[in-house]
Every structure is written in C-alpha cells, then in structure tokens.
Amino acid sequence: MRQLPSILFAAAAAVAGVSVAWAQTAPPAPAPAAAPRGDPDAPANMKNRKVLPANITHRELGQTMRAFALSLGVRCAYCHVGPPDGPLSAFDFASDANPHKNIARGMIRMADRINAELPKIADKDSRVSCYSCHRGATKPALVPPEPPHPADAPKAPAS
Ligand code: HEC
Ligand code: HEC
C-alpha cells in the first residue's frame, strides 16, 4: 500500500465515488512544471503540509477532505479560512488561522496510533476512521442513546 496513512486511505476509499467533482474545482497548485494542470493524479504539492503524505495527489487530497467533512457533518469552512457558503476559490486552504485545522491534524495522528494498536487487539485489518467516532457530528457521543422502545432495554438480572 502507498504511504497514505491507513485512516486516510480507508476514509478516502469510502467516498471515492464522489470525489471527482472536488478535484475538478480544486484551486490550481502552484503550477509544477511536470504535472499538467487539472490532472487529478498529479501531486497536490500542498503549501502547508504537516501530516498528510508528501506525494498525495489532487484526487487523494480531495477524497480525504471530503471524508473529513462528511465524517464530521461539516463543510470546508469548519476547518479552513473562507466564506461558509462561498466558492472554493475564495478559500485560503494553506492558512492555519482556523484552530479546527490543527485539531484535525492531531486527530489524524491519534487515529494512526489507534490503527497501529488495533490489529494487535482485534482482527489484523481492523481500522478506525474519523467516521468511526464522529458519525456525522463534531463532538462524538459519550454515552449510548436510550433504547428506542422500553421492551428493547437490556433486562436487569432477576434478583
Ligand atoms: C476536519 C477538518 C477539515 C475539513 C472539514 C476540511 N479540511 Fe482541508 N485540511 C485539513 C487539514 C488538517 C489540512 C492540512 C493537513 C496537513 O498539514 O498535512 C488540510 C489541507 C487542505 C488543503 C491543502 C492546503 C495546502 O497546504 O496547500 C486543501 C486544498 C484543503 N484542505 C481543501 C479542503 C476542502 C476543499 C474541504 C471541504 C471539502 C476541506 N479541506 C475540509 C482539515 C480539514
Ligand atoms: C477515537 C475516536 C475519534 C476519532 C477516530 C477521531 N476523533 Fe475527532 N474527536 C473525538 C473526540 C472525543 C473529540 C472531542 C469532542 C468534544 O469536544 O466533546 C473530537 C474532536 C474533534 C474536533 C474538534 C471538534 C470541536 O467541536 O472542537 C475535530 C476538528 C476533529 N475531532 C476531527 C477529527 C478528524 C478529522 C478525524 C479523522 C482524522 C477524527 N477527528 C477522528 C474523537 C475522535
């Protein structure tokens, strides 16, 4: 497997089908000589990269970002500096001014640590992704929901 962190690979694969539209509207990279502009498999050449792999492509970056947004139930502006409903071209994606972006970096590292441990505990291909915990919310639930119907409640042991 490529060096894409396992969590990102899983998350990206889960939304691969919807990523192409993003890739096409991605802000142009600072024109690398070798890569034709608009090629989704060309390196994304991120301007401010601290966690994602150096060789990540436009397509993979788009899939990863889309997976983040879907997993937390948010849009790009939750982590990036830009108008909430504005066009992607109005965003400064390289900026770290939005504190959620750095929290997300910490979450990627945390999830990678969990994914290094999981195969030692459960199946060898066990994984977590952002969605495993977040389930479409910024703050994962700490306690389980009440059962939908009292009859479904776990029975107390007979005394
Ligand atoms: C949960 C937070 C989060 C959400 C939501 C999110 N991003 Fe990101 N994004 C990040 C992080 C973190 C990085 C930097 C990763 C690193 O440092 O390696 C990043 C980096 C980027 C970059 C590269 C910037 C550079 O350095 O050149 C682009 C482009 C980008 N995001 C686009 C998007 C788009 C488009 C969306 C909405 C579909 C989005 N992001 C949603 C967290 C997020
Ligand atoms: C093991 C569970 C777990 C995983 C996996 C996980 N998170 Fe989180 N995340 C949490 C918890 C718990 C919080 C704290 C929520 C709170 O403040 O109540 C949190 C908080 C956050 C926040 C801050 C939310 C806020 O309102 O301030 C961001 C952003 C975030 N996570 C992004 C991510 C991204 C992106 C991923 C995938 C790379 C990810 N998380 C994976 C459990 C997880």
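1. Donors here are N, O and S atoms within 2.8 Å of the metal (3.2 Å for Na, K and Ca), and water is not among the atoms, so sites may look incomplete. On that basis, the protein donors of the iron atom of ligand 2 are Met107 (SD) and His134 (NE2), lying 2.0 to 2.3 Å from it. The two sit 27 residues apart, Met107 in helix H4 and His134 in helix H5, linking distant parts of the chain.

2. Before going on, a word on the basis: this is a predicted model, where local features need pLDDT of at least 70 and side-chain atom pairs count only at pLDDT 80 or more, while totals for chains, interfaces and linings use all residues. Residues are numbered from 1 along each chain as its sequence is written, chains are lettered from A and ligands numbered from 1 in written order, and side-chain values use heavy atoms, leaving out hydrogens and water.

3. What is the geometry at the iron atom of ligand 2? It is octahedral, with angles of 87 to 179° among six donor atoms (opposite donors over 155 degrees apart, all others between 65 and 115). Ideal angles for six octahedral donors are 90 or 180 degrees.

4. Side-chain atoms of Tyr78 and Lys139 each lie 3.0 Å from an oxygen atom of ligand 2.

Technical notes: Polar contact = N/O pair within 3.5 Å; in protein donor to acceptor, adjacent residues only side chain to side chain. Tetrahedral: all angles 85-135°; square planar, octahedral: opposite > 155°, others 65-115°. Helix = DSSP H or I, 4+ residues; strand = E, 2+ residues; numbered from the N terminus.
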